[in-house]
Amino acid sequence: MITILGSGAFGTALAISLSKNSRVTLWTHNAQHAIDMIRMRENTRRLDGISLPENITITADLDSIEPIHPCLLTVPTQKLRGLLEKHGEALGNRPLVACCKGIELSTGIGPTAIIADLVPTAIPAILTGPSFARDIASGLPTALTLACAQKAVGKALQQSLTTPNLRIYRTTDTIGAELGGALKNVIAIGCGAVMGAGLGESARAALMTRGFAEMNRMAIALGAQPDTLSGLSGFGDLTLTCTSNQSRNYRFGQSLGRNDPFDPSITVEGVATAHAVEARALTLDIEMPVTQAVTALIDGKLRVDQAVDMLLSRPLKEE
Ligand SMILES: NC(=O)C1=CN([C@@H]2O[C@H](COP(=O)(O)OP(=O)(O)OC[C@H]3O[C@@H](n4cnc5c(N)ncnc54)[C@H](OP(=O)(O)O)[C@@H]3O)[C@@H](O)[C@H]2O)C=CC1
Ligand SMILES: O=C(CO)COP(=O)(O)O
């Protein structure tokens, strides 16, 4: 039995895949959204065109949530604290698996630390890696990383979250796994901007590579294991997100590069995370020039050509 809190694209996709294995409850904070999904057997707001199997129970009521069973938290990172402040009491004494990719702007911490802060009796874990919601929901093959500091809990989660199209790898390095997923979104915005401005694929490859170097710098400074960032949650997701129009972060970057407007109702985790990471890097005295360039672009302080000039004119150094 798995409960998924958050009925966006990712929560819905995971519900569809996991329903091949077990009973799934998909919760939304919006009663009308629950009514609509029950009536249409589809999440037309966030993942249209894909049917919700009958063994997914849809609800807007958290009172009836069963104890002990794991819950997946599939809301954007900046909304996680609000969700747990409101419902944390019902969610204790069980694994809580964050499925979000970001760093909280107000505190500079990631999803597993937010869980530990607000639901101290829960066992925090994170599910992350290269996967578009639509691919998972369509049954396409996907590999993800499940990170949990408690090895035995991580093993049990790995078993219960594996489905015919979802292969789960396991680690105890929650810091590395969540930083990989958070930081790649910032680099994806930069890559989108480079492509949107017509600066070419060579420039994108350079930005991805130097972006990966600074992802590693920050992750290691914060205690991640060096290998984690080379896995699905870091390199894997960086590759996917920096090269695909399916990515909202990448598309947002493209709109910056083209000077086009972007629909503000679309979730773009990298915007808040870029600012959170820039602030954290300053306090840790870590060089993160790509992240700095991305925040300057987002804030309208630099154009793409100026940001690229800034990166190219940095002092020459060893790789
Ligand atoms: N989409 C994807 O392909 C993937 C997404 N992810 C990650 O999953 C996370 C969620 O993204 P995604 O599902 O795409 O986002 P969406 O924008 O599709 O959906 C976000 C959902 O969260 C709900 N929500 C917002 N605030 C709250 C709250 N306080 N309490 C309860 N629900 C809330 C929204 O409800 P409402 O609309 O009513 O505000 C909405 O249903 C992100 O961190 C993203 O990086 C990871 C892998 C793939
Ligand atoms: O994290 C994702 C793919 O792994 C989804 O990326 P976007 O949030 O940029 O759409």
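**Ligand shells and annotated residues in a predicted model**

Ligand 2 is surrounded by 13 residues, the closest being Pro130, Asp237, Ser247, Arg248 and Asn249. A residue is taken as near a molecule if its C-beta atom, placed from the backbone, lies within 6 Å of it. The structure is a predicted model, in which local features need pLDDT of at least 70 and side-chain atom pairs count only at pLDDT 80 or more, while totals for chains, interfaces and linings use all residues. Residues are numbered from 1 along each chain as its sequence is written, and chains are lettered from A and ligands numbered from 1 in the order in which they are written.

At least two residues of the shell around ligand 2 come from each of H7, helix H9 (232–241) and helix H10 (248–258). The most are given by H9, with 3 residues. Helices (H or I, at least four residues) and strands (E, at least two) are DSSP runs, numbered from the N terminus. By residue class, the shell around ligand 2 holds 4 nonpolar, 5 polar and 4 charged residues. In this division Ala, Val, Leu, Ile, Met, Phe, Trp, Tyr, Cys and Pro count as nonpolar, Asp, Glu, Lys and Arg as charged, and the others, Gly among them, as polar. Ligand 2 lies between domain 1 (2–172) and domain 2 (183–312), because both domains give residues to its shell. The domain bounds come from an automatic or database domain assignment.

An unreviewed UniProt entry lists Lys101, Gly129, Ser131, Lys184, Asp237, Ser247, Arg248 and Asn249 under "binding site". Under "active site", the unreviewed UniProt entry lists Lys184. UniProt positions are given in the numbering used here, feature names are shortened, and annotations may be inferred rather than shown by experiment.

Lys184 lies in helix H7 (residues 174–196). Lys184 is buried, as 33 other C-beta atoms lie within 10 Å. The term buried applies at 20 or more other C-beta atoms within 10 Å of a residue's own, exposed at 12 or fewer, and partly exposed in between, with C-beta atoms placed from the backbone. Not counting residues up to four places away in sequence, Lys184 touches Met215, Gly234, Asp237, Leu238 and Thr241. Two residues are in contact if their C-beta atoms, placed from the backbone, lie within 7 Å.

Ser247 is placed in the loop between H9 and H10, and is buried, with 24 C-beta neighbours inside 10 Å. Apart from neighbours within four places in sequence, Ser247 contacts Ala188 and Thr241. Asn249 belongs to helix H10 and is also buried, with 27 C-beta neighbours inside 10 Å. The contacts of Asn249, again leaving aside neighbours within four places in sequence, include Asn185, Ala188, Thr241 and Glu269.

Around ligand 1 there are 26 residues, of which Gly8, Phe10, Lys79, Cys100 and Thr267 are the closest. Helix H1 (9–18) and helix H3 (77–87) are the elements that give two or more residues to this shell. H3 gives the most, with 4 residues. The shell around ligand 1 divides into 9 nonpolar, 13 polar and 4 charged residues.

The chain as a whole has 13 helices and 10 strands. Its radius of gyration, taken over C-alpha atoms, is 19 Å, close to the 20 Å that the globule rule gives for 319 residues, so the chain is as compact as a globular protein of that length. The globule rule is 2.2 Å times the number of residues to the power 0.38. Of the 319 residues, 51% are buried.
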